[in-house]
Amino acid sequence: MFLASTFVRALGVAMVCSVLFGPAHAADPKPDTVIKTKSIEARVFLDDRIKADAALAADCLAEGKKWLDKNSAEAAAARKADPQFFKDGGWDFERKYEIRSVVADRYVSILRNDYMNTHGAHPNSDVNTILWDKADNKRVSIRPFFTDTADNGATMKAMVKAIIASLRVEKKKRDASETATDEWFKELKPSLLKIGAVTLAPSTEAGKSSGLTFHYPPYAVGPYAEGEYVAFVPWETLKPYLTAEGTRIFGGARPKGDAPGAVSGR
């Protein structure tokens, strides 16, 4: 009797574990577009909120397909030139588009995360961002929120200063203060094109943004082993430089759950 009941309990535990910890691929989402050849398998995913907006989904998917085609051509050329590097299979690439915030029911911040494995020393990753204007169905920049975004102007210098201060704090949290040096930050320039990929941070105040978050892939502001970094600049820091539209969309504080490492939706 004891053996039978023990067996039943063990079987029940095994069934629960099978449900909870079964093969992950059974629940994996289906790619929105994919390329699979002898040289590469590459996928693009759009999150459900992006797919709910036809214009935004079409824009992201068109960009994603171009990315697939480009890397597929490069993989085919690499395999032709050096077939020995493909004896264990082709390259593995993946791109994910995920909404980070929606501000004023108009401005949609999107994170674009890339994974790339070309059978080198280690896989690589990249991060970039998109700011989408729902009213005009097009990509925009943060320029309309600030009175002046000229290179080396007061606004951009204030942003760079605040970004570096934020990165130093994040590095300290990771016990990586030895790389919180000007050498690692030298690529950050007071220019929208050289300051980093930016999103509007969510806020505790509905419909508002609590400031700007800047997203950096491995190697950008630290060694590969440190991974990605996210710098946060609260809107109050940039208040002297806001336009009327900037004043309208910024407010509140950064939510506690919006911590570095959690913002990408992974």
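## Surroundings of Asn71

In this predicted model, Asn71 touches Ile40, Trp91 and Phe93, leaving aside residues up to four places away in sequence. The residue is found in helix H3, which spans residues 54-81. With a relative accessible area of 7%, Asn71 counts as buried, because the cut-off for that class is a value under 20%.

Three strands form an open sheet in the order S7-S8-S9, and their pairing is antiparallel. Strand S7 (197-201) and strand S9 (229-234) stand at the edges, and because each has a single partner strand, one side of each is left without a neighbour in the sheet. On average, and with direction ignored, neighbouring strands of this sheet are turned by 25° against each other.

In general, the strands of a sheet pair through backbone hydrogen bonds, in either a parallel or an antiparallel manner. Here, strand S8, made up of residues 211-216, is joined to S9 in the antiparallel sense over six bridges, and Gly211 stands opposite Pro234 in S9.

## Helix H4 against the sheet

Helix H4, comprising residues 154-173, lies across S8 and S9, and its direction runs at about 130° to S9. Strand S9 therefore stands at an edge of the sheet with a single partner strand, and S9 is also one of the two strands across which helix H4 lies.

Methods: Residues numbered from 1 in each chain as written. Predicted model: local features only at pLDDT ≥ 70, side-chain atom pairs only at ≥ 80, totals over all residues. Heavy atoms only, no water. Pairing = 2+ DSSP bridges. Helix = DSSP H or I, 4+ residues; strand = E, 2+ residues; numbered from the N terminus. Axes fitted to C-alpha atoms, helices over the stretch in contact; angles between N-to-C directions. Contact = heavy atoms within 4.5 Å. Buried < 20%, exposed > 50% of the residue type's maximum accessible area, 1.4 Å probe, protein only.
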